[in-house]
Every structure is written in structure tokens, then in C-alpha cells.
Amino acid sequence: MDGVNLRARASLLAEALPLISVEEAARTFGAGPRAIEALGPVSFEVRSGEFFCIVGPSGCGKSTLLDLVAGFERPDAGRVLVGGRPVLGPDPRRLLLFQEHALLPWRSARANVELGLELAGVPRADRRERARGLLHEMGLAGFENARPRELSGGMRQRVSIARALAVDPDVLLMDEPLGAVDALTRLRLQDELLTLQRRGARPSSW
Amino acid sequence: MSGLKSSRSEGAARRFLLRIAGIALFLAAWQAATSFELLGPVFGPAFGPGAGGRALLAMARSGVLFEQTEASLGRFGLGLLLAVVIGGPLGFIVGYFRSLEELTTVVFQILRMTSPLALVPIALIAFGVGSRPVVFLIAYAAVWPVVLSTAHGVSRVSPAWKRMVRGFGARDGSVLRKVIVPAALPELVQGIRLAVGVGWIVLVPAEMLGVDSGLGYQILDSRDRFAYDELVATILVIGLLGLALDLVLRRLKELVSWTA
Ligand SMILES: Nc1ncnc2c1ncn2[C@@H]1O[C@H](COP(=O)(O)OP(=O)(O)OP(=O)(O)O)[C@@H](O)[C@H]1O
Ligand SMILES: [Mg+2]
């Protein structure tokens, strides 16, 4: 039983394990006769590199499920594991892109993209460089200093995507982040997201 | 585009002219009322803007004007500073904890609506005669708008923003620094603007309580000397300084505002 061997086996196991596993997870809001079962027991697994879609009618619990995986909510029953460990709270390694962009209106596009990097303690010059590169990649070169209110709906969503990509998450959870933009913009942004995904789970390798 | 621009600057010029005209009309009506003693023989030309303006120049030349203004601005600034230093953080705390807001709201509303002048005897007992009770009364008047406006701003911060920064790994301290403080800053400044208004109004009567300097004192002193032109001059100074203070705060508010 030497340490090297153990570590090698652990990493082999990690590769075989699913990145996300949801096991009979359920969430009910409220109690008694007025309780709302937002999410019935559900199970699935997602492996690293996979693009996994959850489809269902409005109100069926999609956002609730994503909240569980992102760590904003805890399941009442069952388990939610990411990287083999139970989810205890939010973590920048599994980021949730919201239905609404939630950009900070007092910050420029660049400063919005820098937010996660600030919280991670990345030095200012590096932050700036990285934010500029990502905005460029998202087709927002020249809009670094624009405030969110000066941007179109689709551009705002691209800023919020850039903000998420900036921290290089292992898992990007998307709760219909394109729900509020028009059909054409949505198609284009979906293409952009697929391209980013195909370039690997680490779009930061530019 | 250029048409739009020129019509906009035309609008600005028009607004400016209308404002100047408003001032001119007011001065003319005032001068007429005193020259023709329309408000009775007591209010003769000595109470008019002409006499007041001349007295203002004389007071400026003798230095009295600046001495009294300096004394008043010193007390006002100190009272306002106390109000902001105490009211700002208090507003953040009250706005942040919902139950604290409920706990304090009725009491704060009552205290806010209690005229500081009702507290004069208490202020004199507590602080003695001099500048200190004056500063206290200004701070008392000014602290409530700061507290209430800031608390309101903090309680209205979008939960979506807080959730978003938590998603990026922010703890309470970072949520405060990155979201709550910048989001509530415009309402803090709005509170300070209201505080300047009410504090400036309280300053004058507060300076009528046993201090021997300041614009409030100057009002009583000119009355006692029957120097009605100086009385008018002092009233003018109080109004103009109040206007200037409000303009500064309005500018500051525009600087920190992130809406519209
Ligand atoms: N915090 C909450 N308190 C009470 N009920 C809730 C809460 N959050 C969600 N629900 C309920 O849970 C159910 C599922 O909501 P959820 O937001 O997960 O739906 P969704 O599938 O994301 O819908 P949509 O496609 O419209 O976004 C709904 O009936 C909703 O009313
Ligand atoms: Mg939803």
C-alpha cells in the first residue's frame, strides 16, 4: 500500500466517475397541505465533456434542479454529487448562468467580466487582460467600457457568458440564459456556446 | 442629428433665460413691495433687495460676512459629518437585517418627526451653552434621512445580484463590498442631500441659542441693532448658501448614480 499507487488509482477512479451525479434528489417547498413539490425524485449522471440538456414544461422544476446542482438549494431527499462530493453550497467551479443576466449596472462590461476573478484574488493586470480577451472572443471588442444599459439584450448575455468563462469553471450550468433574447440572437449565441464547448471544457486555453 | 442637437441647446438656453427671468421678477416684486410700502409702512426700503445688496457688500468688505459664514459652516459641517458617520453605517445595518428594520422603524419615524427644536432644553442641559448643542441639533436633524434612505437602498438591492456573486464564491463580506455598498451608494447620497436640506434649516434657529457667532446669531444681532438692511443681507446669504450646498449634493448624486 504505497502512496503513489493509491493516488494513481484515485485519479483512475475519478475519470471513471461521473462529474455530476444526481441520485433520487427531490425538493419540496413549504410543508403540510400547502407544500409544493417543486422537484420529484430524479436521478441522472453527467460525464466530463458532455453537453447535457434538461427539457420540460414551465414550472416542472428545471430551475430548482439546477439550484441543487449549483448549491443554492439543498435536496430534501436523495443526493447531489459533483466530482464525487456532495454539494454543500455555491462554488465558482460549477457556475450557474441565470435566466436573467444579473450584470451589475454600475460596472462596465469589462469590470463585470472581472468580478469572478476579483473574488478569486487574481491580480488587476491579469484580470484586465483576461476580461479584454474574453470580450473580444464574444464579439464585444470596443465595448469594454460600456455600461450594461448601453448594451443590447444579446450583448448583455454575452457579457454574462464571458463573466462565467473568465473563472474557467469545470461545470457550466445554464438555466435558459438565452430565454430573454430574440430568436435570431439566440441561435447565434447557441452556436457560439457550442463552439466554445467543442474547443473543450476549458475555453481559456486561448 | 445636428438639428436635434441645436434644438436641445436651444431648449437649455431657453430654460436658463426663464430662470434668470424668474429671479429678476422676484427681485422686482420685492423691490416694488418695499419701495411703495405695500406691506405696510414698517416694511420700507431698508427691507428691500437694494438695501440688502448694499449691506451685503459692506459686510463682505468689513469681513463680518465671512466670519459669520465660517462659524456657521463649521458647525453645519461637523453636524453633517456626525450624521453621515453614524447614520450611514446604521442605515446599512438596519437595511441588511430585515428584523432590525422592523424593530426600529416605528421608533425612527417618531424620532425623525420630533423637531430638533423640541430638544433644545435637553441639548443645553447635556452640552452646556456654546457650539456643541448647535452641532448636536444639526446632527440630530440630519441623521434620520441618512439612516432611512440608506436602509431603504440596502433593503432594495436585487437578490439576483447577491445570488450571482455568491455563485462566484463570495462570502458575506464580499457581497457587502461588491454588491450592497455600490448598489446602495446613490440612496446614501440622496439621504445626505435630504440631510443637508434639513440640517441647514435647523442651523439658523439653533444659532439663536446663546452662541455669539454664525448666521443665526447675525440675524438676531442685526434685529437688535435695527440694522434691517443687514438682516436682509444675512437672509440672502442663508438662502444662497443653501442653494449652493444643494447644487453640490445634486452633482454628487449624479456622479454616483447608476440608474438612468
Ligand atoms: N422558492 C420557492 N418557494 C416556493 N415554491 C417554489 C420556489 N421555487 C420554485 N417553486 C415552485 O416549484 C415549481 C418548479 O419551479 P421551477 O422554477 O424549478 O420551474 P422551471 O421548470 O424552471 O420553470 P420555467 O421553465 O418556467 O423556468 C413551481 O411550481 C414553483 O412554483
Ligand atoms: Mg426556470
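How far is the sulfur of A:Cys53 from the closest cysteine sulfur? The distance is 13 Å, to A:Cys60, which is too far for a bond. A disulfide is taken here as a pair of cysteine sulfur atoms within 2.5 Å, and by this rule the count over all chains is zero. A:Cys53 is exposed at 57%, while A:Cys60 is partly exposed at 34%.

The model is predicted, so local features need pLDDT of at least 70 and side-chain atom pairs count only at pLDDT 80 or more, while totals for chains, interfaces and linings use all residues. Residues are numbered from 1 along each chain as its sequence is written, chains are lettered from A and ligands numbered from 1 in the order in which they are written, and side-chain values use heavy atoms, with hydrogens and water left out.

Chain A comes next. Its secondary structure consists of six helices and six strands, with helices (H or I, at least four residues) and strands (E, at least two) taken as DSSP runs numbered from the N terminus. Starting at that terminus, the order of elements is α-β-β-α-β-β-β-α-α-α-β-α. Of the 206 residues in chain A, 42% are buried. Contact means heavy atoms within 4.5 Å; among the contacts in chain A between residues at least 6 apart in sequence, 64% join residues at least 24 apart.

Four strands of chain A form an open sheet in the order 2-1-3-4, with antiparallel pairing; two strands pair if DSSP finds at least two bridges between them. Strand 2 (36-46) and strand 4 (85-86) stand at the edges with a single partner strand each, so one side of each has no neighbour in the sheet. Strand 1 (residues 20-29) and strand 3 (residues 77-82) run antiparallel and are joined by five bridges. In strand 3, A:Arg79 stands opposite A:Glu23. Helix 2 (residues 62-70) lies across strands 1, 2 and 3 of chain A, at about 120 degrees to strand 1; axes are lines fitted to C-alpha atoms, for helices over the stretch in contact, and angles run from 0 to 180 degrees between N-to-C directions.

Helix 3 (residues 109-119) of chain A is mostly covered, with 10 of its 11 residues buried. The cover includes helix 4 (124-137) and helix 5 (153-166) of chain A, together with helix 7 (159-167) and helix 8 of chain B. After helix 3 of chain A comes A:Gly121, with a positive phi near 80 degrees.

Helix 8 (residues 172-206) of chain B has a shape of its own to describe. Its end C-alpha atoms span only 42 Å, whereas a straight helix of 35 residues would span 51 Å at 1.5 Å a residue; the expected span is 1.5 Å times one less than the number of residues. A kink of about 45 degrees lies at B:Leu185, shortly before the proline B:Pro186, the bend being the angle between axes fitted to the seven residues ending there and the seven starting there.

Elsewhere in chain B, B:Asp229 lies in helix 10 (residues 228-256) and is partly exposed at 30%. Leaving aside neighbours within four places in sequence, B:Asp229 is in contact with B:Ala46, B:Ala51, B:Gly52 and B:Ala55.

How values were computed: Buried < 20%, exposed > 50% of the residue type's maximum accessible area, 1.4 Å probe, protein only.
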